Amino acid sequence: MGFRKKNKSPPVLSHEFVIQNHADMVSCLAMVILLGLMFEVTAKFAIMFITVQYNVTQVLDEKSDPINLYLYGPKDMATVFFYLLIAVILHALIQEYVLDKMNRKLHLSKTKHSKFNESGQLAVFYLLSFMWGCSILTAEDFATNPTFLWEGYPHTHMAFQVKFFYICQIAYWLHSLPELYFQKVRKEDIPRQLYYICLYVAHITGAYVLNLHRLGLVLLVPHYLVELLFHASRLFYFSDENKQKGFTLWALLFVIARLLTLTLSVLTFGFGLPRTQNQGFSLAQGNFNVLTIRMTCLAAICLTQAWMMWKFINFQLKKWREHSQSQASKKKIVSPKSKPHKRETTRGEDAQVVHVSCASHWPVFFFFFLVWFLSTFFLLFLLQLYTQTKT
């Protein structure tokens, strides 16, 4: 890891050398870009990496001040690259000066050590992103006007905070890919982390490119709150295994967040966007309001939520089985004199096998899907009444 002093220096440009000094190398690259601002020849290229591009000035009326808004374009890739470097540096700083010191005090195993580092990094990111997202949403009128998600589409113009938020989000999740190598993540953990990193990159970039940044921001804020609670609870659990109350609250909010995500997505793609005036496909105008794209986006969100819910149900059933087995083993230890006969033992084992096999996932999954379905159409009905009373 970067900023770490070692007694024995590995060979130059070896794998261990790059892993130990990657933050220093990235810092040098970022400094080269910043130094480009000092020279007139390179300043116009350095600004493309550092500042947000595609500024547009709008004047609403003669009395009001002009408003600076932003579009997106190919130059944003340079900005994303620069803040990807900044994310790598901050990652190394948090790891070196916060998480490693806490790990030395806790004396965790290798498995818990890896999960502790992952939760520590993500908890900081989710906390900052949640606070930033809430500050942006407070300036909008979504709480009093739910049609804010689709009214005036395509939303090609963004405020500075909105665009910079998306630039930083994309940069952070892209930086997580090389961090799998820099942090020496275990091979068995790489597929799991790759899944959610790729999902984040695909969904956030899709919302940014398709001019759905309002919906993306509204969906990210509650999702980040739930993820923050989970990783914070896991950090407390690693410090003291008796602290498990946070997981109960996380489980409740997780289901609510999935319900909210699916409901808002159906309202936007199935109810709001089909009724807007700007229908059609135009790359020049940034308009992607056609049936194919709407259904593709809705299907991607629904499949992602269903996959997350499936993983959640499997996780909860696994924990319930482990808890029931531990309780059964404790009862056997407490009452060793009452030994059952062989027939009773075999019957008990058979009953346990039947219980495990009958604990199918489909009824639970179908129940949550039914709740989603009914609540979504109930909200559609309420929104229909709201639009009729408004007109």
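In this predicted model, Thr79 touches Met48, Phe49, Ile50, Thr51, Gln53 and Ile167, leaving aside residues up to four places away in sequence; a contact means heavy atoms within 4.5 Å. Thr79 sits in helix α3 (residues 76-106), where helices (H or I, at least four residues) and strands (E, at least two) are DSSP runs numbered from the N terminus. At 1% relative accessibility, Thr79 counts as buried, a label for residues under 20% relative accessible area, with exposed meaning over 50% and partly exposed in between (1.4 Å probe, protein chains only).

Residues are numbered from 1 along each chain as its sequence is written. Because the model is predicted, local features need pLDDT of at least 70 and side-chain atom pairs count only at pLDDT 80 or more, while totals for chains, interfaces and linings use all residues, and side-chain values use heavy atoms, with hydrogens and water left out.

Turning to the chain as a whole, the protein chain holds 11 helices and four strands. Of its 391 residues, 41% are buried. Among contacts in the protein chain with a separation of 6 or more, 73% join residues 24 or more positions apart.

An unreviewed UniProt entry annotates several spans as "transmembrane region", including residues 80-99 and 249-271; such annotations may be inferred rather than shown by experiment. In the model, residues 80-99 are 100% helix, with end C-alpha atoms 26 Å apart. Residues 249-271 are likewise 100% helix, and their end C-alpha atoms lie 32 Å apart.

A helix pair is worth a look next. The axes of α6 (residues 190-209) and α7 (residues 213-239) come within 9 Å and cross at roughly 150 degrees; axes are lines fitted to C-alpha atoms over the stretch in contact, and angles run from 0 to 180 degrees between N-to-C directions. The two helices, α6 and α7, are therefore roughly antiparallel, the term for angles over 145 degrees. Here Tyr200, Ile204 and Ala207 of α6 meet His213, Gly216, Leu220, His223, Tyr224 and Glu227 of α7.

Some backbone details also stand out. Most residues other than glycine have a negative phi, and most peptide bonds are trans. The peptide bond from Tyr153 to Pro154, however, is cis, with omega near 10 degrees, and Pro154 is found in the loop between α4 (110-138) and α5 (160-182). Tyr54, in the loop between α2 (40-50) and β1 (55-58), has a positive phi near 65 degrees and counts as partly exposed at 27% relative accessibility. Lys184, in the loop between α5 and α6, has a positive phi of about 55 degrees.

Notes. Parallel < 35°, antiparallel > 145°, perpendicular 65-115°, else oblique.
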